[in-house]
Amino acid sequence: MQKRLSVAIASVLVLSLAGAAVAAETDGPAYAEEIISMRSSLAKTFVLPGAEVNEDTFKKVCGAVGKRVKEINEKGDVKIRHAAVKYRNPVNAATPEEAAIIERFAKEPELKEVSGAFEKDGKRFSRYTRPIYVESACLACHGGADASPAFIKAKYPDDKAYGFKTGDLRGIISVITPLE
Ligand code: HEC
């Protein structure tokens with residue numbers, strides 16, 4: 001009886017560990033793809049040649065992306081983070097570990113993703129990251145400092161996220177999933 005019970009407990013444990021690992025394998029790429037392509041298509045839709053770019057444009061592009069990320073983060077175990085060395089919002093400042101991943105993407109342009117596990121407060125997590133590249137539609141707000149809309153200059157006095165060119169590495173998206 002005792003033995004059967006412990007076998008049952010062991011298999012539930014193995015199954016849930018396997019479940020967590022599978023979730024980490026599929027959630028990471030799926031969420032990263034969703035967020036990266038969402039920002040790209042919103043920027044192409046709302047940053048129009050010749051039109052003024054203002055706070056309302058932001059709300060429809062990186063603002064909408066931020067809202068979606070918050071919604072996912074509040075829903076469950078998966079936590080999505082943006083990280084950049086040249087960041088705009090200080091909450092997105094790369095930690096030393098994230099900066100090392102960004103450096104890898106910078107040195108290896110053919111690298112599409114980096115995943116790994118890490119431990120925090122005694123718990124294990126998986127981290128799936130993908131690089132984010134600058135497109136021409138991003139330049140209205142991440143291009144030359146003079147071109148930066150007034151609301152950005154006012155709201156982000158320590159802004160580092162400008163001066164990019166098309167194709168530059170902007171930072172990473174990181175999807176963190178608990179492993180146990
Ligand atoms: C209309 C202006 C605007 C456009 C266009 C825009 N962004 Fe942003 N972006 C911002 C602002 C403002 C923030 C800071 C948001 C915050 O406070 O969290 C930001 C934040 C980010 C971040 C989070 C990291 C950080 O530095 O805080 C990334 C990554 C990013 N933008 C990438 C892009 C990419 C890639 C594009 C084009 C596909 C783009 N942005 C287009 C205004 C813009």
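The legends below go with close-up views of a predicted protein model.

Residues are numbered from 1 along each chain as its sequence is written. Because the model is predicted, local features need pLDDT of at least 70 and side-chain atom pairs count only at pLDDT 80 or more, while totals for chains, interfaces and linings use all residues; side-chain values use heavy atoms, with hydrogens and water left out.

**Figure 1. The protein has six helices and four strands.** Helices (H or I, at least four residues) and strands (E, at least two) are DSSP runs, numbered from the N terminus. Along the sequence, the pattern reads α-α-α-β-α-β-β-α-α-β. The protein has 180 residues, and 37% of them count as buried. Buried means under 20% relative accessible area, exposed means over 50%, and partly exposed lies in between (1.4 Å probe, protein chains only).

**Figure 2. Two protein residues hold donors of the iron atom of the ligand.** These donors are SG of Cys62 and NE2 of His142, lying 2.1 to 2.3 Å from the iron. A donor is an N, O or S atom within 2.8 Å of the metal (3.2 Å for Na, K and Ca); water is not among the atoms, so sites may look incomplete. The iron site has six donor atoms, with angles of 86 to 179 degrees, and is octahedral. For six donors, octahedral means that opposite donors are over 155 degrees apart and all others between 65 and 115. Cys62 lies in helix H3 (residues 62-75) and His142 in helix H5 (residues 139-142). The pair links parts of the chain that are 80 residues apart. Which of these residues is buried, and which is partly exposed? Cys62 is partly exposed, at 26% relative accessibility. His142 is buried, at 11%.

**Figure 3. Phe58 and Phe151 form a tilted aromatic pair.** A search of the whole structure finds two aromatic pairs. This one has its ring centres 6.0 Å apart and 45 degrees between the planes. Rings of Phe, Tyr and Trp (its six-membered ring) pair if their centres lie within 6.5 Å; planes under 30 degrees apart count as stacked, over 60 as edge-to-face and the rest as tilted. Phe58 belongs to helix H2 (residues 55-60) and Phe151 to helix H6 (residues 150-155), so the pair ties together parts 93 residues apart in sequence. Phe58 is partly exposed, with a relative accessible area of 24%. Phe151 is buried, at 14%.

**Figure 4. Phe118 and Phe125 form a stacked aromatic pair.** Their centres are 5.5 Å apart, with 20 degrees between the planes. Phe118 is buried, with a relative accessible area of 14%. Phe125 is buried too, at 18%. Which residue lies over the face of Phe118? Arg127 does, at 4.5 Å from the ring centre. A charge sits over a ring if NZ of Lys or CZ of Arg is within 6 Å of the ring centre and within 35 degrees of the ring normal. Lys86 gives another case: its charged end sits over the ring of Phe164, 4.3 Å from the centre.

**Figure 5. The largest pocket has a volume of about 910 Å³.** On a 1 Å grid over the protein atoms alone, a pocket is an open set of points with protein on both sides within 12 Å along at least five of seven lines; lining residues have an atom within 4 Å of a point. Grid points are joined across faces, edges and corners, and the volume is the space filled by probe spheres set on the points. The lining has 40 residues. Nearest the pocket centre lie Arg39, Phe58, Cys62, His82 and Asn92. Elements giving two or more residues to the lining include helix H1 (2-46), strand E1 (79-83) and strand E4 (169-178). Which element gives the most? H3 does, with seven residues.

**Figure 6. Asp121 has a positive phi, near 50 degrees.** Most residues other than glycine have a negative phi. Asp121 lies in the loop between strand E2 (114-120) and E3. Asp121 is exposed, with a relative accessible area of 74%.

**Figure 7. Ile132 and Arg170 are 5.5 Å apart in space, C-alpha to C-alpha.** In sequence, they are 38 residues apart. Ile132 is in strand E3. Ile132 is buried, at 11% relative accessibility.

How values were computed. Tetrahedral: all angles 85-135°; square planar, octahedral: opposite > 155°, others 65-115°. 1 Å grid on protein atoms, 1.4 Å probe; cavity = no way out; pocket = protein on both sides within 12 Å on 5 of 7 lines; lining within 4 Å.
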